[in-house]
Amino acid sequence: KGSNVSVFDAAIASLKQAAPGALFSCVYTEDCITLINGLRRADYTPSSLIMAACPGAPELVEALGRNMENVMGVTPWDKSLLATDGLTQLSPAEYDAMLFGRVGTHAIYQGA
């Protein structure tokens, strides 16, 4: 566990040189922080930065502050939604409570 800054920095340098139209990222929260900080250090802003779950994590905003502006990802989990899943028959609040009871963390994105 733990982000390897030098690995990210090397990858970001290659990406900056290649200048892809979009950068897709599917990493955990700690790696999201390392990636976004690395992009800032390299003064590299891809045209599109498409991320998985981490933009919904409160830790990201705490760690990055204003560097999180304009970062988007999948829909953050909203346990107040008035819906019931057709398969599990759970509401978002029930699923969140069940997940927290099992793993000690709340759901952070709708893909859960």
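Mentor: The expected span of a helix is 1.5 Å times one less than its number of residues, and helices (H or I, at least four residues) and strands (E, at least two) are DSSP runs, numbered from the N terminus. This is a predicted model, in which local features need pLDDT of at least 70 and side-chain atom pairs count only at pLDDT 80 or more, whereas totals for chains, interfaces and linings use all residues. Residues are numbered from 1 along each chain as its sequence is written, and side-chain values use heavy atoms, with hydrogens and water left out.

The part I would look at is helix H4, which covers residues 92–103. H4 has 12 residues and reaches 16 Å from its first C-alpha to its last, close to the 16 Å expected at 1.5 Å a residue. Seen down the axis of H4, the buried residues fall within an arc of 65° (the arc is that of the directions from the helix axis to the C-beta atoms), so they line one face of the helix. Those buried residues are Pro-92, Asp-96 and Leu-99, where buried means under 20% relative accessible area, exposed over 50%, and partly exposed in between, with a 1.4 Å probe and protein chains only. The face of H4 turned away from the buried side carries the exposed residues Gly-101 and Arg-102.

If neighbours within four places in sequence are left aside, Asp-96 is in contact (heavy atoms within 4.5 Å) with Trp-77, Lys-79, His-106 and Ala-107.

The backbone on either side of H4 can be read in the same way. Just after H4, Gly-104 takes a positive phi of about 75°. In the loop between helix H3 (58–64) and H4 lies Gln-89, which has a positive phi of about 65° although it is not a glycine, and which is exposed, with a relative accessible area of 51%.

Positive phi values also occur elsewhere in the chain. Asp-43, in the loop between helix H2 (29–41) and strand E2 (49–51), has a phi near 55°, a positive value in a residue other than glycine, and at 66% relative accessibility Asp-43 counts as exposed. Helix H1, residues 5–18, has 14 residues and reaches 20 Å from its first C-alpha to its last, close to the 20 Å expected at 1.5 Å a residue, and H1 is followed by Ala-19, whose phi is positive, near 50°.

Buried residues make up 27% of the 112 residues, and the C-alpha atoms fill a box of roughly 50 × 30 × 25 Å, taken along the principal axes. Among contacts between residues at least 6 apart in sequence, 59% join residues at least 24 apart.
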